[in-house]
2 protein chains.
Amino acid sequence: MRIDRKEAAARLLKEDDIIILCHRNPDGDTLGSGYSLHFALKQLGKRSRLLCHDSIPPKMNYLRGGETGEDFPPQFVVSVDIADEQLFGETLAPYRGKVDLAIDHHPSNSMFAKETLLDDKAAATCEIIYRLLLEMGAAISPQIADCLYTGITTDTGCFKFSNVTPDTHRIAASLIESGCRFQQINKLLFESKTMGMMELERRVLNTLEFHDQNRVALICVTLQMLRETGVSESELDGISGIPRKIEGVQVGVAIKERDQNEYKLSIRSSEVLDASKFCAQFGGGGHARAAGCTLYGTIEEVQQTVVAALTKALR
Amino acid sequence: MRIDRKEAAARLLKEDDIIILCHRNPDGDTLGSGYSLHFALKQLGKRSRLLCHDSIPPKMNYLRGGETGEDFPPQFVVSVDIADEQLFGETLAPYRGKVDLAIDHHPSNSMFAKETLLDDKAAATCEIIYRLLLEMGAAISPQIADCLYTGITTDTGCFKFSNVTPDTHRIAASLIESGCRFQQINKLLFESKTMGMMELERRVLNTLEFHDQNRVALICVTLQMLRETGVSESELDGISGIPRKIEGVQVGVAIKERDQNEYKLSIRSSEVLDASKFCAQFGGGGHARAAGCTLYGTIEEVQQTVVAALTKALR
């Protein structure tokens with residue numbers, strides 16, 4: 001059942017011993033949402049704990065602020081930025097069917113929770129959490145502001161994507177006033193690169209291929225490349241965006257090897273293609289301009305499959 | 001003499017047949033400031049014309065909106081985003097000593113104009129122009145909003161740099177409400193790369209050098225590289241930022257060949273160095289985190305000079 005912000009705030013204010021679930025392969029929005037909610041609940045005198053199937057990307061460790069998490073028997077389960085229970089990952093599988101409140105901005109949310117606070121106009125779930133925390137009477141501390149800003153800047157590509165609204169900027173303005181370290185955060189997330197990452201970029205550029213009259217561009221990232229450069233899969237967001245940056249390219253595809261004959265595809269598209277709908281045919285999903293799916297087979301087969309499907313979709 | 005916004009607005013409302021000067025090697029802020037002011041003056045029934053020593057970078061042609069510019073004997077001269085008359089370039093040299101009103105945000109403004117509207121807290125001159133246009137009673141049309149947003153997004157590295165304030169975001173919010181095409185603008189300016197640019201990046205990465213315990217990183221861009229990849233000097237902004245992106249690097253230097261034995265240096269620094277002060281010793285200037293200067297000699301001499309000076313400055 002969908003509920004509004006006031007109801008969600010009332011629910012959280014009433015409950016205690018709260019578990020917060022983030023999605024697997026966590027990004028800035030799910031972690032920023034989770035930690036900002038966690039710190040606000042703590043501020044309000046409650047116990048809460050954040051759970052995620054995967055570990056936090058090292059770059060985003062600042063979000064935790066040294067938190068290790070208290071242990072307690074959970075009384076209430078909240079999921080943040082999770083569109084579907086499939087995204088819980090194995091470790092969190094026991095929580096399937098047991099989420100009391102889902103807070104999310106994905107239009108594709110499968111309404112798996114008892115109650116859902118959904119705003120698909122929000123550029124990031126952190127925008128929803130920001131308003132929710134104000135509703136709950138929580139103070140936006142610099143630490144909470146850091147978390148919320150992180151979700152907003154990562155989900156909007158630092159205010160670049162089409163999901164940005166005037167509200168996105170106004171919330172960012174308030175978070176800067178609350179003391180968020182926007183410059184350090186953006187430098188860390190967007191401007192900083194390890195030598196390994198730079199070497200990976202160079203190798204990945206060598207795999208660049210064009211199709212469908214240069215409207216489709218493809219890159220590949222193999223497990224060997226990751227091993228040899230020391231880059232982890234969670235750091236590949238920027239790499240996935242490379243093909244779409246080339247002038248004239250309408251659809252950029254990053255094919256990332258996950259296991260033998262298993263490839264995760266990241267699709268970034270202009271207005272000519274709904275990437276979420278495109279990925280749905282392969283059991284994937286996401287947003288209209290950025291979505292993902294998993295394909296099986298050799299890398300050549302996967303390339304052929306996606307190029308053929310895209311050529312058809314763009315016709 | 002410094003004047004305030006109200007006085008500057010009154011002055012512009014009173015005058016007609018206005019020449020607007022932009023600085024040489026024009027960037028998004030000087031052009032965005034110039035064109036937004038031009039379109040506003042036109043809207044208010046005045047004649048105005050924009051002048052610049054160099055031609056507009058092709059990427060930013062959208063700012064002109066097909067304007068070619070009327071010819072008329074100028075009655076009033078305004079400069080936008082110009083810190084010093086040195087930055088006029090040769091073509092505009094006749095206007096030295098003749099600027100009636102300078103609108104600028106550089107702390108280093110040399111007060112060369114009869115009257116100066118200066119706000120060194122503004123992230124971009126376009127922020128000052130935005131408030132000035134409202135003061136003048138001009139409507140922020142989508143076209144004007146595009147120009148103003150362009151200056152703000154380019155001078156803040158798309159809301160990343162330390163010069164961003166809550167006001168920067170609030171103005172961006174208003175400009176989005178006024179219909180600026182922020183997504184297309186950001187994609188064009190930050191996300192889009194020609195094949196030539198990608199090839200140039202690959203070549204430039206091969207020149208990457210580290211000094212002073214990896215706190216200083218240097219890249220070189222030669223005229224030959226530009227010739228062979230078809231990239232123009234005005235498009236090198238992103239390239240200049242590459243060294244500073246590497247983790248641990250405090251000062252990133254891009255050495256760009258301009259002529260035989262003449263090199264333009266772009267310095268980007270963290271808080272450990274005031275780049276503007278550093279460049280001043282070589283007759284250059286700019287902002288604390290990003291500044292530039294010109295050095296003469298062979299490329300090896302220039303490299304040695306800058307590395308020695310930086311090592312000393314960082315001691």
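Predicted model: local features only at pLDDT ≥ 70, side-chain atom pairs only at ≥ 80, totals over all residues.
Colleague: Which residue forms an aromatic pair with B:Phe282, and how are the two rings arranged?

Modeller: A pair of aromatic rings is described by the distance of the centres and the angle of the planes. Here B:Phe282 pairs with B:Phe278 at 5.8 Å centre to centre, and with 65° between the planes the arrangement is edge-to-face; B:Phe278, at 4% relative accessibility, counts as buried.

Colleague: How many aromatic pairs are there over all chains?

Modeller: The count comes to 11 aromatic pairs over all chains. One of them joins B:Phe88 and B:Phe112, whose ring centres are 5.7 Å apart and whose planes stand at 85°, so this pair is edge-to-face.

Colleague: Which parts of chain B does the pair of B:Phe88 and B:Phe112 tie together?

Modeller: B:Phe88 lies in the loop between β3 (76–80) and β4 (101–104), while B:Phe112 lies in the loop between β4 and β5 (115–118), so the pair ties together parts of chain B that are 24 residues apart in sequence. B:Phe88 is buried, with a relative accessible area of 0%, and B:Phe112 counts as buried at 15% relative accessibility.

Colleague: Which residues do ring pairs link into a cluster?

Modeller: The cluster consists of A:Tyr149, A:Phe159 and A:Phe182 together with B:Tyr149, B:Phe159 and B:Phe182, linked by ring pairs.

Colleague: Where does the charged end of A:Arg49 sit?

Modeller: The charged end of A:Arg49 sits over the ring of A:Phe72, 4.7 Å from the ring centre, and in chain B, B:Arg49 lies over the face of B:Phe72 at 4.7 Å from the ring centre.

Notes. Residues numbered from 1 in each chain as written. Chains lettered and ligands numbered in written order. Heavy atoms only, no water. Phe/Tyr/Trp six-rings, centres within 6.5 Å; stacked < 30°, edge-to-face > 60°. Helix = DSSP H or I, 4+ residues; strand = E, 2+ residues; numbered from the N terminus. Buried < 20%, exposed > 50% of the residue type's maximum accessible area, 1.4 Å probe, protein only. Lys NZ or Arg CZ within 6 Å of the ring centre and 35° of its normal.
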